[in-house]
Amino acid sequence: MESNRRVPLWAAALIGLVSGAVAVGVSLLVAGLVKASAFPVVAVGNAAVDLTPAALKDFAIRTFGENDKTVLLTGIFLVLAAIAAAVGVLAVRDIRYGLAGLAAFGAVGVLAVLTRPGAAAVDVVPTVVGVAAAMFALYRLIARALTPAGGPQEEGWSVGPQEAGPLAGPAGTGPHDGRAAVGGRGEERHGREPVVGAGGEERYGAPVPPVMRAGSGPYPFDRRRLLIGTLGGVAAAGVAGLAGRMLSGRAEVAAARVGMALPRPAVPAAPLPTGVDLRIRGLSPFVTPNHDFYRVDTALVVPQVDPRNWTLRIHGMVDRPVELTFADLMKRPLEEADITLCCVSNEVGGPYVGNARWLGTSLAGVLRDAGVRKGADMLLSTSADGWTCGTPVDVVLDGRDALLAFGMNGEALPVEHGFPVRQVVPGLYGYVSATKWVTDIKVTRFDRDEAYWTPKGWSAMGPVKTQSRIDLPRDGARVAPGRTVIAGVAWAQHKGVEAVEVRIDRGQWRQARLAVAPTADTWRQWVVDDWDATPGSHTIEVRATDATGYTQTPDLAPVAPDGATGWHSVSVDVA
Ligand SMILES: Nc1nc2c(c(=O)[nH]1)N[C@H]1C(S)=C(S)[C@@H](COP(=O)(O)O)O[C@H]1N2
Ligand SMILES: [Mo]
């Protein structure tokens, strides 16, 4: 076990890290080449996301917000790096331990890949080839670190047990006595030892008379050769990774999206009435720009779906199963609708809500063409990356603007918002309605099928709860005394916001002035502009009443299982 203890720890860890990088780069390249959908790091990450207990996931969303994916990916890479470094350390002791470590790691990767929804056998190829490449890199780097160049073993490189001598450590030599194993063949290796020149420089070359380095054993650590090998490994990993990314379809999909001309809808939404936007600085604009629109999904990397290959299958409890292409979808009657989308994970006062003008075709229309059978009460929609969503059939068929949307605020859907096609259903939280990258809709029953979030403790039904939020002043703000604008947004999709009230320091409720709302499906801006702020600290609370007459309850409920309740409040210091 002490065969190669002359390799310092940092070098061993470096060897492992570079081998890991080679695994990642090569598997990215292979994933691009064979068009496999599953890149192991992401598959492991996605599996981790799916296996994460709901409570931890809520914590992550709460703590890291929309950065939760970055945090998770960073975490995964740190763990991977630690494992890779450990593999290097093991490998330096005995190459077989290192190879076994990589193999175990590959097995976990293969398992993660295969358990992804819709995984195919081809999806394991990137992992297997990546791990094989890492094994080769590990072997090569240790060889470089320990074996001088120019020797015959350089030319006829092979990983057979003979050449593996120092790497294999005790290979075939009995007990784990590395020294004995190495020593057994030490004599014949002396001729290939590095030559120490006058300036301490190492020179290589077979014809130079062998000079033993004082105090060194038969396989001294060769830092320079290791570092050169390291650079080679990193370069190879980088080139492979970049090539893989180019092959991943990202560029094609981006080009298809940019080149997409949005047709004119047969039913265009009326131009926004004047007065929908109070144009107050710091207040959420009525239309949320696409780049500011919140993003919530379980996809660690955004699915790249080329509209030319996209199809939507509608099947299950229908009379006529159909499969639509993107061209089929565009030929259908198109409509536009302003709809506010919000997330069940939005805390009271939280940011996961946005309003956009969506362009698409009626989901109900598509379902009617397929002929929904009696008894069906759920649409189980699936995204290109295997996420599932259960939507009540009656809600989709009740005449509201439930859409298969491909346009958002005048452009093709941004890729992270579901390009080429997503669902949007006013009045339902996103997790039960807003499937992005949708490719499959099974007409079924709630008592037969379950969507992604349901077994994780979220309600199968997700009607949006009436909510209001104070955007101005910000919580914790310092405000000058005198006239101060209080403003925000309120939403009760498909019911409509009827009134918003504000109170200061638990005093009398005052009616806020409401901006115009084009339909009941959007949020509504509101403002109180006659508050005379007096010095001191003050608490501002808001509550909305929807068109059914329901006023938001002050009772606090957490986001799980079906959406938070309570009044949003902010505290300000007036001075
Ligand atoms: N494919 C897919 N679609 C999805 C999700 C997802 O995880 N995967 N999340 C849903 C949730 S919980 C919400 S709130 C909305 C958010 O849509 P946005 O990211 O475009 O704002 O997408 C929904 N559609
Ligand atoms: Mo959500």
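Which residue in β21 is the bridge partner of Arg478? Keep that in mind; point 3 has the reply.

1. Ground rules. What you have here is a predicted model, where local features need pLDDT of at least 70, side-chain atom pairs count only at pLDDT 80 or more, and totals for chains, interfaces and linings use all residues. Residues are numbered from 1 along each chain as its sequence is written, chains are lettered from A and ligands numbered from 1 in the order in which they are written, and side-chain values use heavy atoms, with hydrogens and water left out.

2. An unreviewed UniProt entry puts the feature "transmembrane region" at residues 7–34, 71–90, 97–114, 120–139 and 226–247; the positions follow the numbering used here, feature names are shortened, and annotations may be inferred rather than shown by experiment. In the model, residues 7–34 are 93% helix and 0% strand, with end C-alpha atoms 38 Å apart. Residues 120–139 come out at 75% helix and 0% strand, and their end C-alpha atoms lie 30 Å apart. Helices (H or I, at least four residues) and strands (E, at least two) are DSSP runs, numbered from the N terminus.

3. Strand β21. Back to the opening: Arg478 has Asp573 as its bridge partner in β21. Strand β14 (residues 478–479) runs parallel to β21, joined by 2 bridges, while β20 (residues 536–546) runs antiparallel to β21 with 6 bridges. Buried means under 20% relative accessible area, exposed over 50%, and partly exposed in between (1.4 Å probe, protein chains only).

4. Salt bridges. The structure holds 19 of them, each a side-chain nitrogen of Lys or Arg within 4 Å of a carboxyl oxygen of Asp or Glu. One of them joins Arg357 and Asp338 (2.9 Å, N to O). This pair links distant parts of the chain, with Arg357 in β6 (residues 353–362) and Asp338 in β5 (residues 334–342), 19 residues apart. Both Arg357 and Asp338 are buried.

5. Val44. Find this residue in helix α2 (residues 40–51). Val44 touches Gly109 and Ala112, leaving aside residues up to four places away in sequence; contact means heavy atoms within 4.5 Å. Is Val44 buried or partly exposed? With a relative accessible area of 28%, Val44 is partly exposed.

How values were computed. Two strands pair if DSSP finds at least two bridges between them.
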